[in-house]
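Here's a friendly walk through one structure, meant for someone seeing it for the first time. Have a look at it, then read on.

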Amino acid sequence: MNEPRLFMASARRSFDEQAGSFDQRAGLPASVCDLIAKELVQLAQLAPGDVVLEVGAGTGQIGLALCQLPLCYVGFDASAMMLDVFKRRRAKNAPPISLIATDGNNRWPADDGSVNAVFSSRAIHLLRVEHVVEEVFRVASPSGATLVLGRPEREKQSLRALLRQEMRERLWQLGYASDDGQQKEREILEACVRRGANPLERRVVATWPVQYSAAQILTSWREKSSLAGLELEAEVKEKVLSQLTIWAKDVFGSLEAFQSAEEKYMLEGVRLSSKS
Ligand SMILES: C[S@@+](CC[C@H](N)C(=O)[O-])C[C@H]1O[C@@H](n2cnc3c(N)ncnc32)[C@H](O)[C@@H]1O
């Protein structure tokens with residue numbers, strides 16, 4: 001098992017390295033980001049001026065949409081370079097917002113009881129479960145607050161999902177266990193419920209069509225420094241990708257053939273009730 005501090009250093013390095021290409025490789029459609037922001041306001045019952053704290057804000061794909069709503073937005077991320085992309089994509093005359101480079105495994109940049117909604121998309125599973133739960137309850141407003149977690153989901157039989165599953169299998173065979181993000185999110189939400197929070201119904205915010213070839217996916221994985229969230233030695237990574245290339249040719253007939261699929265973005269969360 002990685003030591004948290006070491007993992008943090010490598011996670012930050014990995015996202016620093018991919019900051020410039022993240023949106024192109026893992027971007028969400030802009031219309032989907034607007035829908036996520038609006039749905040978050042509804043789900044968390046936010047009123048104008050309420051404070052939203054985004055954990056792992058990244059390049060600001062969703063943060064940018066949240067900043068356009070009448071909310072008090074604070075985003076933090078371990079990677080200063082991901083936040084630099086966020087800052088650059090904001091309009092020059094946009095009002096200032098708080099974007100803070102800090103490790104979410106340390107104290108979050110918010111006072112006790114000051115936050116109305118904690119939001120995180122594709123990031124919270126990279127943090128320690130117990131720490132997340134402690135921090136959510138610490139920063140939650142005494143008048144009630146909501147934790148909302150978001151992630152894209154792929155059809156189980158889609159080319160990307162099958163390739164990913166095979167990659168995890170190959171990594172496992174080589175002795176590397178990759179984190180299951182969804183499982184970690186579930187653990188966080190369940191731990192909050194055990195502390196008295198009420199679960200919110202999972203909802204689909206948007207669905208959109210995608211088209212990928214195995215070659216495209218393998219190239220994008222080659223361009224990142226990590227694989228399935230793991231920092232691997234170059235030869236291990238190359239071995240897995242070469243095996244996957246052979247496997248994909250065999251299973252899909254060609255690396256270049258495009259396959260259509262549908263992706264959806266899910267939100268789920270818990271409501272921390274008022275302390276009065
Ligand atoms: C997959 S990206 C998601 C970015 C953004 N939330 C989105 O959905 O587009 C994960 C983000 O989590 C950040 N991250 C990883 N570990 C972190 C930590 N310990 N503390 C804060 N941020 C972290 C990374 O730097 C990266 O920006």
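## Around the ligand

Helix H1 gives the most to the shell around the ligand, with three residues. (Helices are DSSP runs of H or I with at least four residues, strands are runs of E with at least two, and both are numbered from the N terminus.) This is a predicted model, where local features need pLDDT of at least 70, side-chain atom pairs count only at pLDDT 80 or more, and totals for chains, interfaces and linings use all residues. Residues are numbered from 1 along each chain as its sequence is written.

There are 20 residues around the ligand, and Phe15, Gly56, Gly58, Ser79 and Gly104 come nearest. (A residue is near a molecule if its C-beta atom, placed from the backbone, lies within 6 Å of it.) Two helices, H1 (4–26) and H3 (61–67), each give two or more residues to that shell. Sorted by class, the shell has 10 nonpolar, seven polar and three charged residues. (Ala, Val, Leu, Ile, Met, Phe, Trp, Tyr, Cys and Pro count as nonpolar; Asp, Glu, Lys and Arg as charged; the others, Gly among them, as polar.)

## The sheet

Now for the strands. Seven of them make an open sheet with mixed pairing, in the order S3-S2-S1-S4-S5-S9-S6. Strands S3 (98–101) and S6 (198–213) stand at the edges with a single partner strand each, so one side of each has no neighbour in the sheet. (Two strands pair if DSSP finds at least two bridges between them.) On average, neighbouring strands here are turned by 20° against each other, direction ignored. (Axes are lines fitted to C-alpha atoms, for helices over the stretch in contact, and angles run from 0 to 180 degrees between N-to-C directions.)

Strands S5 (residues 145–154) and S9 (residues 258–272) run antiparallel and are joined by 10 bridges. Pro152 stands opposite Tyr265 in S9. Helix H7 (residues 181–194) packs on the sheet and touches S5, S6 and S9, and its direction makes about 15° with that of S9. (Two residues are in contact if their C-beta atoms, placed from the backbone, lie within 7 Å.)

## Helices that meet H9

Helix H6 (residues 159–173) and helix H9 (residues 234–252) have axes that come within 10 Å and cross at roughly 135°. That makes H6 oblique to H9. (Angles under 35 degrees count as roughly parallel, over 145 as roughly antiparallel, 65 to 115 as roughly perpendicular and the rest as oblique.) Among the residues making the contact are Leu163 and Met167 of H6 and Leu244 and Trp247 of H9. The contact residues divide into nine nonpolar, one polar and two charged.

Helix H8 (residues 214–223) meets H9 too: the two axes come within 11 Å and cross at roughly 170°. H8 and H9 are therefore roughly antiparallel. Here Ala214, Leu218, Trp221 and Arg222 in H8 meet Leu241, Leu244, Thr245, Ala248 and Phe252 in H9. That set splits into seven nonpolar, one polar and one charged.

## H5 against H7

Helix H5 (residues 129–139) packs with H7 at an angle of about 45°, and their axes are 9 Å apart. That makes H5 oblique to H7. Val129, Val132, Val133 and Val136 of H5 make the contact with Lys184, Glu187, Ile188, Ala191 and Cys192 of H7. In this contact, seven residues are nonpolar, none are polar and two are charged.
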